[in-house]
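This report describes selected features of the structure shown below. It covers a helix, the nonpolar cores and a sheet.

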Amino acid sequence: MLIGVIADDFTGASDIAVTLSKGLVGEGGLRTTQYLGVPHQSADKQVQAGVIALKSRSLPAEEAVQQSLAACEWLLQQGCTQIVFKYCSTFDSTDSGNIGPVLDALAQRLAARNVIVCPAFPAMGRTLYQGNLFVHTRPLNESGMEHHPLTPMKDADIRRLLARQAKTRVSHIGWQQVVQGSEALREILQARTDEEPQLVVVDAISDHDLTLIGIAAADEKLISGGSGIALALPHNFISAGKAQGNNSEFPAIKGSSAILVGSCSGATRGQIEEHQKQHAVLAIEIEDVMAERIDADDLVDFILTQQNRCPLIYSSGDPATVKQMQQQFGQHNISQRLDRLFGDTARKLVLETGIQRLVVGGGETSGAVVSALNLGSLQVGSEIDPGVPALFAQGERPLALALKSGNFGRRDFFSHALNVLAGSMH
């Protein structure tokens, strides 16, 4: 294993896994496996990039640090010479963490002097300029992320956000320096190695910028960012003769299907609206969940009786409704109940009814589902949409999955994902 990734949620892990698997155009990427939690055994010798998916984004900072360090130790034991800490391209965190505390701990463990911090993901409209994060044309704190139920983002300046979370000094490299090229950028980084350790916020407004940053960071022990930061990392190992391009083939799974959605993002609500024009959709009411008037058996029955109509179950709501429900029942209580409901439903669907294609919307929901299924590891296949790969679990009965972050995917994503998993569209 050459590159090890620690991802703070499950959809984010899938996002960077497909980036590493794909690599730069014309070169190919690395043979990539996504692990669901820290593995208990060694990796297969064929794996060149290992991505450990944690559910640490919304944990207390101390627990997130502990889990991240455990993941780092396992990756180092597999031979990784470069560690990437992957977080969301909207920098989802609070003033107490978890991005800053985890970076502090990893930097200390790896004796890293310059830690690149770059959440930019231009393909999804996330760009970083003068240290400020934009979502399409809006600053982060005016993009809708200010209403996020778990990590409301009230500031677009990543330097300020990070300084409130981390103990390590925060510095900045502007876009005007990035576009001077990877060699000039490497020299800027190397010139700082005699100084105290730094978290270096680096601007990027295009994939070309991210490629320059990735090549400049070839010798860095620790890098952090959204999935875009990994665009050129396979190139560094391939050009050095340490790896060959990834040409793995993956199966088409044409079995029965289910779609489970817990994200409340505007993009996901639009995708649900599009899906229900032609397919079967069931909305879960939070009041019914909290009063235990609906359970996993009810959801499984709906999925099975609507198999010919691409059935989708969701618990999404507009920001006003979500806020009202949180005030009534408590944010933590709702999250726990929904996670358990979706997890139980997924387990029954896969293990008892034989569902073979499963699409999940939302990072927290994806974490609940794959944890309940206890899959261990997933092979990374083709890209369904930017940041969302086809994933395959090996076992007695094949299972294909797509784990979608809330804001990702085209408007008809859910039906499109099922088609890709079935091998009928790429």
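## An enclosed helix

In this predicted model, helix α14 (residues 363-373) is largely enclosed by the rest of the structure, because nine of its 11 residues are buried. The buried positions are G363, T365, S366, G367, A368, V369, V370, A372 and L373.

Just after α14, N374 adopts a positive phi of about 50 degrees.

## Nonpolar cores

The largest nonpolar core comprises 116 residues, of which I6, F91, I116, V117, I213, L358 and L401 touch the most other members. Apart from its neighbours within four places in sequence, L358 is in contact with A258, L260, A346, V350, V369, L373, L399, A400, L401, A402 and L421. Two of these partners, V369 and L373, are among the buried residues of α14.

## A three-stranded sheet

An open sheet is formed by three strands in the order β6-β7-β8, with antiparallel pairing. Because β6 (126-129) and β8 (138-139) stand at the edges with a single partner strand each, one side of each is left without a neighbour in the sheet.

The antiparallel pairing of β6 with β7 (residues 132-135) extends over four bridges. Within this part of the sheet, T127 stands opposite F134 of β7.

Technical notes:
Residues numbered from 1 in each chain as written. Predicted model: local features only at pLDDT ≥ 70, side-chain atom pairs only at ≥ 80, totals over all residues. Heavy atoms only, no water. Buried < 20%, exposed > 50% of the residue type's maximum accessible area, 1.4 Å probe, protein only. Helix = DSSP H or I, 4+ residues; strand = E, 2+ residues; numbered from the N terminus. Core = buried A, V, L, I, M, F, W, Y, C linked by side-chain atoms within 4.5 Å. Contact = heavy atoms within 4.5 Å. Pairing = 2+ DSSP bridges.
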